[in-house]
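Hello,

Here is the structure I promised to pass on, with my notes below it. Could you look through them when you have a moment?

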Amino acid sequence: MQGYSIVFRNMDRAILIILFLFWLFSSCNLLSKVESHSLPAPSDSSLTGSDFYQKIKFLDAETRELFIENEIVKGNFPDFMRKFVPINTTITTSNGKTISACYFVMPDYLMIGTNNDFFRIPMQPKTAQKIADSFGCFLSTSKICDDIYKAAIVKLEPLPLTQNRDSISTFYLHNQMIERQRKGRKGLIAGIKKDVILSSTISNDKRPNRVAIYGWHKLDGKPIQPVYTGHVDWYVDYSHGVRLIDRTIYVEGKPMDYIDVLKDPDLRYIISNEGNDLDFYVYPYEK
């Protein structure tokens with residue numbers, strides 16, 4: 001009997017070692033995902049955020065959007081934006097099964113410039129989608145916005161403005177207001193912008209060419225902006241922000257593309273809380 005006891009103890013140790021190695025391997029893979037996301041190398045562009053503001057403040061909208069896309073796609077953004085942040089979540093399926101998942105998000109909204117001089121830049125959804133596609137990412141959802149707010153290290157009170165909402169000078173003013181409010185604090189930030197999101201409300205809206213926005217959470221965790229498709233897709237104002245999400249979702253450690261997750265009747269709730277099929281996966285643009 002003593003021999004059997006020793007064998008069972010050794011088996012228990014072996015199982016624990018195997019489980020530990022599996023956890024370590026999974027953790028290293030996820031850490032690698034955080035550290036080595038496929039983003040462009042840092043740009044040798046000399047444009048700081050304030051330089052960029054001076055360059056675009058008198059441009060027409062279409063020229064400005066092309067300029068935004070070009071600067072970001074070539075890598076002209078701060079180093080801290082290159083480290084994606086893991087967001088862990090769990091759901092309970094229709095048959096009562098608990099599923100754990102993890103996905104990775106940019107720590108802040110798309111911006112242009114250097115580590116010390118950058119400009120969070122609102123943009124049209126087609127521009128955001130082009131950048132997302134270039135980086136192997138997708139745009140946020142209302143569920144993801146809520147998850148990010150809960151996980152954020154830096155939560156700031158929204159700073160609404162009422163005049164000249166769609167002017168570049170107001171875009172830049174709002175960015176400077178956020179920076180004064182942030183006071184150099186680092187890490188995953190939330191509460192500073194409404195997100196341009198993917199939503200089935202766009203598919204269900206009879207009006208063509210819509211953009212969906214959501215969020216701008218207050219300190220009590222409640223968003224100022226419910227899901228809204230009242231703007232045409234070329235409309236942009238100072239409150240809009242674009243945060244990219246890595247398109248690979250880890251479901252119980254298994255990598256899945258976000259579209260496959262959204263198409264699954266149970267798993268879609270990992271990144272969607274709309275309660276129905278989120279069938280709007282990308283904003284259209286001419287290639």
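First, a word on terms: contact here means heavy atoms within 4.5 Å. Please also keep in mind that this is a predicted model.

With that in place, let me begin with helix H2 and helix H3. On the H2 side, the residues in contact are Phe52, Lys55 and Ile56, and they meet Arg64, Phe67, Ile68 and Glu71 in H3. Sorted by class, this contact holds 4 nonpolar and 3 charged residues, with no polar ones.

As for the geometry, H2 and H3 (residues 61-73) pack at an angle of about 155 degrees, and their axes are 10 Å apart. Angles over 145 degrees count as roughly antiparallel, so H2 is roughly antiparallel to H3. The crossing of this pair is right-handed.

H2 (residues 49-56) also packs against helix H6 (residues 168-182), here at an angle of about 165 degrees and with the axes 10 Å apart. That angle makes H2 roughly antiparallel to H6. Which hand does the crossing of H2 and H6 have? It is left-handed, whereas the crossing of H2 and H3 is right-handed.

The H2 residues that meet H6 are Gly49, Ser50, Tyr53 and Ile56, and their partners in H6 are Ile168, Ser169 and Tyr172. By class, the contact of H2 with H6 comes to 4 nonpolar and 3 polar residues, and no charged ones. Ile56 is worth a click in your viewer: this residue of H2 meets H6, and it is also on the list of H2 residues that meet H3.

How many cavities of 30 Å³ or more does the count give? The count comes to 1 cavity. The largest cavity holds about 70 Å³ of space.

Its lining is made up of Tyr109, Cys145, Ile148, Tyr149, Ala190, Gly191, Lys193, Asp195, Trp216, His217 and Arg243. Helix H5 (142-151) and strand S9 (210-217) each supply at least two residues of this lining, and H5 gives the most, with 3 residues. By class, the lining of the largest cavity has 6 nonpolar, 2 polar and 3 charged residues. Lys193, Asp195 and Arg243 are in the lining, and Lys, Asp and Arg count as charged.

Best wishes

Conventions:
Residues are numbered from 1 along each chain as its sequence is written. This is a predicted model: local features need pLDDT of at least 70, side-chain atom pairs count only at pLDDT 80 or more; totals for chains, interfaces and linings use all residues. Side-chain values use heavy atoms; hydrogens and water are left out. On a 1 Å grid over the protein atoms alone, a cavity is a set of points where a 1.4 Å probe fits but cannot get out, and a pocket is an open set with protein on both sides within 12 Å along at least five of seven lines; lining residues have an atom within 4 Å of a point. Grid points are joined across faces, edges and corners, and a volume is the space filled by probe spheres set on the points. Helices (H or I, at least four residues) and strands (E, at least two) are DSSP runs, numbered from the N terminus. Axes are lines fitted to C-alpha atoms, for helices over the stretch in contact, and angles run from 0 to 180 degrees between N-to-C directions. Angles under 35 degrees count as roughly parallel, over 145 as roughly antiparallel, 65 to 115 as roughly perpendicular and the rest as oblique. A crossing is left-handed if the near helix is turned anticlockwise from the far one by less than a right angle, and right-handed if clockwise.
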